[in-house]
Amino acid sequence: MFTVLLVIHLIIAASLVGVVLLQRSEGGALGGLGGGQGGFMTGRGAANVLTRTTAILFGAFLLTSILLSILGNIQNKHKSILDTPIDSGPTQPAPAVPAPAPAPTKPAVPLPE
């Protein structure tokens with residue numbers, strides 16, 4: 001279910017990008033780079049169709065985003081690291097370890113007497 005919804009979400013996202021790129025720029029800054037469709041659709045008809053298509057795709061994108069987050073939260077039952085209690089260490093004191101015996105103090109090379 002999650003994989004199918006993810007594929008649908010990706011298709012909607014790609015379609016939304018394509019529809020937004022088809023729209024005519026009204027800012028003037030990038031008006032010469034795109035949006036010129038020639039005789040494809042002219043006037044208000046193109047604007048209305050593209051605007052409606054953008055709104056519908058945005059709604060579908062938002063819906064699939066919410067559904068994916070809900071499904072991901074349901075499938076992932078792991079708790080956050082912040083929810084786990086802090087380990088304060090061992091409850092009993094550690095047993096005393098005897099100190100190691102001191103090393104012998106004789107020199108490695110015998111000194112002449």
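Student: Which residues of α1 are buried?
Tutor: Leu5, His9, Ile12, Leu16 and Val19 are the buried residues of α1. Buried means under 20% relative accessible area, exposed over 50%, and partly exposed in between, with a 1.4 Å probe and protein chains only.

Student: How do they sit around the helix axis?
Tutor: Looking down the axis of α1, the buried residues fall within an arc of 95 degrees, so they line one face of the helix. That arc is taken from the directions from the helix axis to the C-beta atoms. An α-helix has 3.6 residues a turn, so residues three or four places apart point the same way.

Student: What does the face turned away from the buried side carry?
Tutor: Exposed residues, namely Thr3, Leu10, Ile11, Ala14, Val17 and Leu21.

Student: Where do these numbers come from?
Tutor: This is a predicted model: local features need pLDDT of at least 70, side-chain atom pairs count only at pLDDT 80 or more, and totals for chains, interfaces and linings use all residues. Residues are numbered from 1 along each chain as its sequence is written, and side-chain values use heavy atoms, leaving out hydrogens and water.

Student: How many helices and strands does the protein have?
Tutor: Two helices and zero strands. Both kinds are DSSP runs numbered from the N terminus: helices are H or I with at least four residues, strands E with at least two.

Student: And how much of the protein is buried?
Tutor: Of its 113 residues, 11% count as buried.

Student: Where is isoleucine 70?
Tutor: In helix α2, which covers residues 44-75. Isoleucine 70 is partly exposed, with a relative accessible area of 44%.
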